[in-house]
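This report describes selected structural features, taking a helix, the salt bridges and the relation between the chains in turn.

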2 protein chains.
Amino acid sequence: MDKRILRTMLNETDSFFKMLADSTRLRCLMLMQAEGELCVCELTHTLNLSQPKISRHLAHLREAGVLVARRNGTWMYYRINPDLQGWALDILQTTLNGVRKTEPFVSDQKILGAMANRPGFKCCS
Amino acid sequence: MDKRILRTMLNETDSFFKMLADSTRLRCLMLMQAEGELCVCELTHTLNLSQPKISRHLAHLREAGVLVARRNGTWMYYRINPDLQGWALDILQTTLNGVRKTEPFVSDQKILGAMANRPGFKCCS
DNA sequence: TAATTATATACGCTTGAACATATATATGGA
DNA sequence: TCCATATATATGTTCAAGCGTATATAATTA
């Protein structure tokens, strides 16, 4: 764990909220809260934003300890850090419940659900 | 209700988190979540920050619809807007539960509790 | 009306964060 | 080894937001 992580790992409570205070990051987090781990290409496709923009925001979330990552081949999968403090996990779920029927979250879920050729996606199980 | 309020009144979810993403604002909100309405001088004393700084942050919170205000003589009392959406109120309470035993929130509560001459404070009932 | 207290706002400055674009790195397959 | 795909990072710029200081407004009391 490097210095950047130690510096920002929720030592200060408001740094957690800073991570939620950007619409791109919040949309990514809500998708992961709803769907579990997602890779960069799924988020790039779903939010229709540039790959560097998505990657940079995911890096921020990871450095802040909000996300953890796993590599599988060329794909990087990100998911919400299960070791987040309980109140932080609660807030993510409460937020999802609060926004899941509003835009842009409805559309995001829909677009992700309709995405073809998702890596690791098993059709017909 | 003026244009600024309409623009920021939680039409965008992340604007709510933007309001929580500043330590001064978060400390004020946690005190109000714990204590109910508070006036500017109580917050200025408790956080040991300049009056204009506190006032400006309270104005932001009010414009965003997170706080409502009431005047009583020369004092302005602010409190969490009871008409906030349920999920937003839940998040404030969850956050308070999560941080109430950590700094700077412990000290803030202590200093406020020990403050002398609080306006509207009835000694010996 | 004048003085005092409490609060709000205006101004100029600084800084951090987000952005677009370009480029680097990493993995897997031919 | 070379290429293609997926992802990460670097660079320079722009802009929003916070800050301190000064000043304005509002209510109260003399």
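## An enclosed helix in chain B

In this predicted model, six of the eight residues of helix 4 (residues 40-47) of chain B are buried, so the helix is largely enclosed by the rest of the structure. The buried positions are B:Val40, B:Glu42, B:Leu43, B:Thr44, B:Thr46 and B:Leu47.

The cover over these buried residues includes helix 3, strand 1, helix 5 (51-63), strand 3 (75-80) and helix 7 (105-113) of chain B. After helix 4 of chain B comes B:Asn48, which has a positive phi, near 55°.

Over all chains, the structure holds six salt bridges. One of them joins the side chains of A:Arg27 and A:Asp108, with an N to O distance of 2.8 Å. This pair links distant parts of the chain: A:Arg27 belongs to helix 3 (residues 23-35) of chain A and A:Asp108 to helix 7 (residues 105-113) of chain A, 81 residues apart. Both A:Arg27 and A:Asp108 are buried.

## The Arg70 and Glu37 pairs

In chain A, a salt bridge is formed between A:Arg70 and A:Glu37, whose closest N and O atoms are 2.5 Å apart. The pair connects distant parts of the chain, with A:Arg70 in strand 2 (residues 67-72) of chain A and A:Glu37 in the loop between helix 3 and strand 1 (38-39) of chain A, 33 residues apart. A:Arg70 has a relative accessible area of 33% and is partly exposed; A:Glu37, with a relative accessible area of 28%, is also partly exposed.

In chain B, B:Arg70 and B:Glu37 form a salt bridge in which the closest N and O atoms are 2.5 Å apart. Because B:Arg70 lies in strand 2 (residues 67-72) of chain B and B:Glu37 in the loop between helix 3 (23-35) and strand 1 (38-39) of chain B, the pair ties together parts that are 33 residues apart in sequence. B:Arg70 counts as partly exposed at 32% relative accessibility, and B:Glu37 counts as partly exposed at 27% relative accessibility.

## Relation between the chains

Chain B is superposed on chain A by a rotation of 180° with 0.0 Å of shift along its axis, giving an RMSD of 0.0 Å. The two copies are therefore related as by a two-fold rotation axis.

As for the interface, 100% of the interface residues of chain B are also interface residues in chain A, so the copies meet through the same surface.

How values were computed
Residues are numbered from 1 along each chain as its sequence is written. Chains are lettered from A and ligands numbered from 1 in the order in which they are written. This is a predicted model: local features need pLDDT of at least 70, side-chain atom pairs count only at pLDDT 80 or more; totals for chains, interfaces and linings use all residues. Side-chain values use heavy atoms; hydrogens and water are left out. Copies are superposed by least squares on the C-alpha atoms of residues with pLDDT of at least 70 in both. Contact means heavy atoms within 4.5 Å. A salt bridge is a side-chain nitrogen of Lys or Arg within 4 Å of a carboxyl oxygen of Asp or Glu. Helices (H or I, at least four residues) and strands (E, at least two) are DSSP runs, numbered from the N terminus. Buried means under 20% relative accessible area, exposed over 50%, partly exposed in between (1.4 Å probe, protein chains only).
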